[in-house]
Amino acid sequence: MPLSDAPARPRTASAAPDDAAPDADDAAVRVRGLVKRYDGRAVVDGLDLTAAQGAVTAVLGPNGAGKTTTIECCEGLRSPDGGTVRVLGLDPVADARRLRPRVGVMLQDGGLPTGVRALELLRHVAAMYAAPRPVDELAERLGLHGFARTTVRRLSGGQRQRVALAAAVVGRPEVVFLDEPSAGMDPQSRRAVWDLVRELRADGVAIVLTTHLMDEAADLADHVHVVDHGRVIASGSVRELTSADGAGPGSVRVEAAPGLDVTTLVEALAEPGADWTAAEPEPGVYTVTGPVSPAAVAAVTGWLAERGVLARSVTTGSRTLEDVFLDLTGRNLR
Ligand SMILES: Nc1ncnc2c1ncn2[C@@H]1O[C@H](COP(=O)(O)OP(=O)(O)OP(=O)(O)O)[C@@H](O)[C@H]1O
């Protein structure tokens with residue numbers, strides 16, 4: 001089970017299907033009950049996902065969760081074994097030719113031919129579209145001129161990623177799929193990528209990206225889907241996912257002596273209608289999640305006082321997206 005080793009689960013994270021997702025009507029991408037098997041094993045197992053036009057949708061998940069496979073089904077690179085995938089209302093496999101000019105794709109490994117020079121490649125891709133973006137302006141934005149005449153084979157990982165991103169957006173697509181777009185990039189390049197993604201969004205483009213960078217998702221995403229074991233296990237805006245009640249601070253973090261019984265902490269917080277979880281994610285660090293109020297903080301410090309334990313620190317605040325991600329997907333390596 002995906003949640004078996006999770007110490008706490010944010011209450012605001014909605015279980016699949018993603019009821020916090022945009023309405024189907026304005027959805028640029030709609031995936032329902034997607035199943036994809038390799039050697040009889042379902043690596044995508046009934047996945048639901050929606051992405052709106054003019055929004056950034058981030059797909060997060062541990063290694064092997066099924067993100068790339070899902071994106072590849074949306075790109076028409078893989079045929080589903082079950083469920084439906086619609087991009088701009090079309091089937092990515094059956095309607096591939098109609099979709100091609102309207103969809104931009106950046107594959108995880110770049111997916112570029114290696115013997116071609118960087119800028120030459122971009123000009124070639126641009127020439128395939130009716131109204132491409134000006135190549136030089138795009139190359140300038142993504143800093144491609146410094147290695148314009150270098151063959152793709154000789155580019156660094158981050159440079160290759162930038163060329164791949166340029167190639168994905170040069171045709172002015174309505175939907176863009178970016179598989180780990182800023183993986184391996186330096187901070188300057190990452191900023192350039194983020195600015196470009198924001199600009200695409202402002203132009204009404206639907207952007208679907210996968211990332212392992214929680215700050216990238218938190219900064220960019222309008223909507224987040226967390227995937228594990230081939231299913232969406234939580235969906236919502238970053239704010240919804242990181243706030244216990246979707247509005248205010250949702251956690252108390254306490255540093256104190258290790259090994260205290262957190263079930264008694266939940267009992268100390270008990271009040272009608274309130275749903276609290278408590279965990280000790282690392283020795284001596286306690287996180288308490290729920291509708292934080294002055295009374296709740298007093299209950300936490302009272303619980304410590306009853307045990308004669310002095311807190312080294314007590315802080316309130318929203319949890320980070322990384323906290324939520326780890327709570328949902330566990331701390332074990334995959
Ligand atoms: N062509 C293939 N044949 C067999 N198994 C595959 C194939 N492609 C992917 N898989 C397996 O499917 C599972 C999901 O892989 P996928 O690449 O979709 O995960 P991911 O969430 O994108 O992971 P990562 O974060 O590491 O990129 C993995 O266990 C992977 O080994």
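Trainee: What is the mean pLDDT of the protein, and over which residues is the pLDDT below 50?
Mentor: This is a predicted model, and 90% of the protein's residues reach a pLDDT of 70 or more. The mean pLDDT is 88.

Trainee: Which helix gives the largest share of the shell around the ligand?
Mentor: The ligand is surrounded by residues including Tyr38, Val43, Lys67, Thr68 and Thr69. The shell divides into 3 nonpolar, 6 polar and 1 charged residues. Its largest share, 3 residues, comes from residues 67-74, that is, helix H1.

Trainee: How many Å separate the centres of domain 1 and domain 2?
Mentor: Domain 1 spans 24-241 and domain 2 spans 244-317. Taken over C-alpha atoms, their centres are separated by 40 Å.

Trainee: Is helix H11 mostly covered or mostly uncovered, and how many of its residues are buried?
Mentor: The elements covering the buried residues of H11 include strands S3, S8 and S9 and helices H7 and H8. Among the buried residues are Leu321, Val324, Phe325 and Leu328. H11 (residues 321-329) is mostly covered, with the buried count at 7 of 9.

Trainee: Which residue follows H11?
Mentor: The residue that follows has a positive phi, near 85°. It is glycine 330.

Note on methods:
Residues are numbered from 1 along each chain as its sequence is written. This is a predicted model: local features need pLDDT of at least 70, side-chain atom pairs count only at pLDDT 80 or more; totals for chains, interfaces and linings use all residues. pLDDT is the predictor's confidence in each residue, from 0 to 100. A residue is near a molecule or strand if its C-beta atom, placed from the backbone, lies within 6 Å of it. Helices (H or I, at least four residues) and strands (E, at least two) are DSSP runs, numbered from the N terminus. Ala, Val, Leu, Ile, Met, Phe, Trp, Tyr, Cys and Pro count as nonpolar, Asp, Glu, Lys and Arg as charged, and the others, Gly among them, as polar. Domain bounds come from an automatic or database domain assignment. A residue is buried if 20 or more other C-beta atoms lie within 10 Å of its own, exposed if 12 or fewer, and partly exposed in between; C-beta atoms are placed from the backbone. Two residues are in contact if their C-beta atoms, placed from the backbone, lie within 7 Å.
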